[in-house]
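My notes follow in the order I made them.

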Amino acid sequence: MKKIIFILILSVCCYSCNNQAKTLTDDVCLRFDSPAKIYGASLPIGNGRVGAMIFGNPNTETIVLNEISLWSGGYQDADREDAHEYLPEIRKLLLEKKNKEAQELVQKNFVCKGPGSGAGSGAKVKYGCYQIFSELLLEWADTQSEIQNYERTLDIENAVASVKWRRNNTDYQMKAIADFEKDRIHITIKSSKPKSINFKTTFNRKANARAYIKDNRLILEGQLPSGEDKGMKFAALADLVQRGGEITADGSKLSVKDASETEIIVYALTNFDYGYTGLKDTDPLSELLKITPPTALSFNEDVKNHSKRYGEYFNRCRWYSGIDNKNNDSAQLTTTERLVRYAEGAKDSELPVLYFNFGRYLLISSSRPGLLPANLQGLWAQEYQTPWNGDYHLNINIQMNYWLAEVTNLAALSEPLHRYTAALQNNGAKTAKAYYDAPGWVAHVISNPWLYTSPGEHAGWGSTLTGGAWITTHLWEYFRFTKDTAFLKQYYPVIKGATEFLNAILIEEEHGWLVTAPSNSPEHAYIDFNNFTGYTCMGPTIDMQITRQLMNICIKSSEILGIDKDFANILKERVTKLAPNQIGAAGDLNEWLEDWKDAEPQHRHVSHLYGLHPYDEITPDKTPELAAAVRKTLEQRGDGGTGWSKAWKVGFWARLGDGDHALKLFKGLLNPTHNRNTEYKGSGGGTYPNLFCAHPPFQIDGNFGGTAGLAEMLLQSHGDDEVIRFLPALPSDSDWKQGEIKGLMARGNVSVDFKWDNHQPVEITLLPHKTCKINVLVPQGMTLDSKKFETSEIVTLDVVADKKIYIKR
């Protein structure tokens, strides 16, 4: 396998701080006027494999380094081989409505073997956790002089982090990139006076590594634990190059004195195998020592190539508010101030656009084809024990990470999720056999790079059995957007295997419906008719929706590919017998097979609305009664919740066509966790000063889900007919009355550009990339092919690949 090296370059050189690039606009810039006091105020950079968080402290700068494969733990056998022997009794108890006894039996004999995830703290058990790679510290010699003219920005149009300050009549600027071209992090510090660069630098890792100097090179060497065994090896190497001054060793630090320009080049490597075969039998440090130290500075040239490469993704889709923030009271303020003022009701037409752009920036920066998927924190972590292990939660979180990919023209970046899904099959087949004596493959609720597919360690949440099926649906969504038949053929075995499992485990309940058993509705408890508060159940609504979706996906795939007709015929008969969506006595959509009470009426998970979003079997036009029940459910759940929960609700309300309520949830998602002085407010879910989503703590899924929700407000193409709809949930707020977006993608592989004014589309351009038929809702008053539509109307168009279609007012 080709070796991948993480390189960080720190360059310090002389320049004039007055020669600045163009002023960054408010829709592509995070801006601060002080160093980051907390992680949630630092600036994230990344290129899909390596990342860093820039705090911007001119006294002791902390640069948090990350590499997406750095995990403790390792492969394990967490399946209980005899679990399937208890399955008939568990199902019998559930059919007899003895849920308490069934849950007790699940806890005793049907959870994982061993400690599982370590109760979400798995750093020292086999499950493992994602971890910080190291800190790189820059200890400046002058820490006493006053700091003036401080500014810290993240330019998400070019993927460049910058810090400026003035000290002792000298201007400094630091810029940082996670180089997309050379696969390295490159930082330059410039000053207005020569020989003014004086600092010491070292690696700082508190566990499982040591830093030292050898041959004037800074080295970090370590190995993480894998339970009681030794696990992943990792190493970093730093070479310093300077113009003027000198570099000397000082214990475990390298000291730079009186330099005019300096680069710190940091290489980092693990022995993880991205082919999912385990750890490579290589020594990362030995590989790094083969690298020849650099001999020249290169930032100015590298940043051009980097931004060009990054821009190939970022510029595929751009949204412009159409309302200049200079006329608003939020122009050129710090991001913290903008969040606070927005929460207080101030106008800021470009803040939703910034959030949209930032979400796309984060996905581009944390998901690269050929590597691992973005995890619960994307790429960025400062912890040795990340919250919930920084893993892949399969009951919504990893899926939400990729909701924005196709619609915002980043479909290629979903490849790590697709390949990871396929990699789960072998372990998933063993788990399916051990627990259900079933064919196909299953993954439950949590997973990691070690391909964990067993149930979790607790019956209350660990028995959710549709996690693997849910991520499998992303394969179909990719096909719906791209119409790539070769892709569908490649991944059809994955789809079929997940479907075979679900088909095999279904049992018949008292109504004659087919249901899953045992399972959970993710993380939420019911109160049954015996007043038992429990989790273990059969046929939770989300399971039935996912099973129905996946069976239909398999049927359609079979027809498109012309294969597996017999299996498709079996599914056509079985899918009609699945337990349907049910409306409860209160007019809401039932979460469980029976109309039980919610143990937490405002629980963060709203899993039974999966059929509305991201699935599309519930729509206001085709299933109005169910849509009304969904609305009632959302009213019951309320508008609170964790950050990612609010993000999901943005998508729900957008699918219902209620733009004003979607905006209300979006504003709730942007609720600032900290005040103007970066003091924690003690609030619930919302947004940190650097726009990271707060569960709390930091979880990146809310950023991605919020971005996808904004896209749903502007464009939709779901449903059986995949009708392309423009501005289906545009808020009435004046901030949204006009705008322009380019490069959104509709299902059917259609690129969509459009402008709107006074809340109405005025100019639409469709660019199909396949010759096929598409369905379009032409807005009232617009003209297509010389025909003016007096009312909004759905039309079917025969389109030709790469031939534009214009709709105008």
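**Entry 1: Phe 356**

I began with one side chain. Beyond its neighbours within four places in sequence, Phe 356 is in contact (heavy atoms within 4.5 Å) with Cys 317, Trp 319, Thr 408, Thr 707, Leu 710, Ala 711, Ile 741 and Leu 744. Phe 356 belongs to helix 6, residues 351-366. Helices here are DSSP runs of H or I with at least four residues, strands are runs of E with at least two, and both are numbered from the N terminus. Phe 356 counts as buried because its relative accessibility is 0%. The classes are buried under 20% relative accessible area, exposed over 50% and partly exposed in between, with a 1.4 Å probe and protein chains only.

**Entry 2: basis of the values**

This is a predicted model, in which local features need pLDDT of at least 70 and side-chain atom pairs count only at pLDDT 80 or more, while totals for chains, interfaces and linings use all residues. Residues are numbered from 1 along each chain as its sequence is written, and side-chain values use heavy atoms, with hydrogens and water left out.

**Entry 3: the whole chain**

I noted 18 helices and 37 strands in the protein. The radius of gyration, taken over C-alpha atoms, is 27 Å, close to the 28 Å from the globule rule for 809 residues, so the protein is as compact as a globular protein of that length. That rule is 2.2 Å times the number of residues to the power 0.38. Along the principal axes, the C-alpha atoms fill a box of roughly 80 × 70 × 50 Å. Of the 809 residues, 64% count as buried. Among contacts with a separation of 6 or more, 70% are between residues 24 or more positions apart.

**Entry 4: helix 4 against helix 6**

Next I looked up what packs on helix 6. Helix 4 (residues 299-314) crosses helix 6 at roughly 120°, and the axes come within 10 Å. Axes are lines fitted to C-alpha atoms, for helices over the stretch in contact, and angles run from 0 to 180 degrees between N-to-C directions. Helix 4 contributes Tyr 310, Tyr 313 and Phe 314 to the contact, and helix 6 contributes Asn 357, Arg 360, Tyr 361 and Ile 364. By class, these are five nonpolar, one polar and one charged. Nonpolar covers Ala, Val, Leu, Ile, Met, Phe, Trp, Tyr, Cys and Pro, charged covers Asp, Glu, Lys and Arg, and the others, Gly among them, are polar.

**Entry 5: helix 13 against helix 14**

Helix 13 (residues 541-561) and helix 14 (residues 565-575) pack at about 150°, with axes 9 Å apart. I recorded this crossing as left-handed. The contact includes Met 551 and Ile 555 of helix 13 and Phe 567 and Leu 571 of helix 14. Seven nonpolar, two polar and five charged residues make up the contact.

**Entry 6: covered helices**

How many residues of helix 18 are buried? I found 14 of 14, which leaves helix 18 mostly covered. Helix 5 (residues 335-343) has seven of its nine residues buried, so it is largely enclosed by the rest of the structure. Its cover includes strand 2 (29-32), helix 6, helix 17 (659-669) and strand 26 (686-687). Gly 345 follows helix 5 with a positive phi near 105°. Helix 9 (residues 415-423) also has seven of nine residues buried, so it too is largely enclosed.

**Entry 7: backbone exceptions**

The bond between His 613 and Pro 614 is a cis peptide, with omega about 10°. Pro 614 sits in the loop between strand 25 (597-598) and helix 15 (624-637). His 695 to Pro 696 is also cis, with omega near -10°. Pro 696 lies in the loop between strand 27 (693-694) and helix 18.

Asp 258 is not a glycine but has a positive phi of about 55°. Asp 258 is in strand 16 (residues 253-259) and is partly exposed at 34% relative accessibility. Ser 786 has a positive phi near 70° and counts as exposed at 77%.

How values were computed:
A crossing is left-handed if the near helix is turned anticlockwise from the far one by less than a right angle, and right-handed if clockwise.
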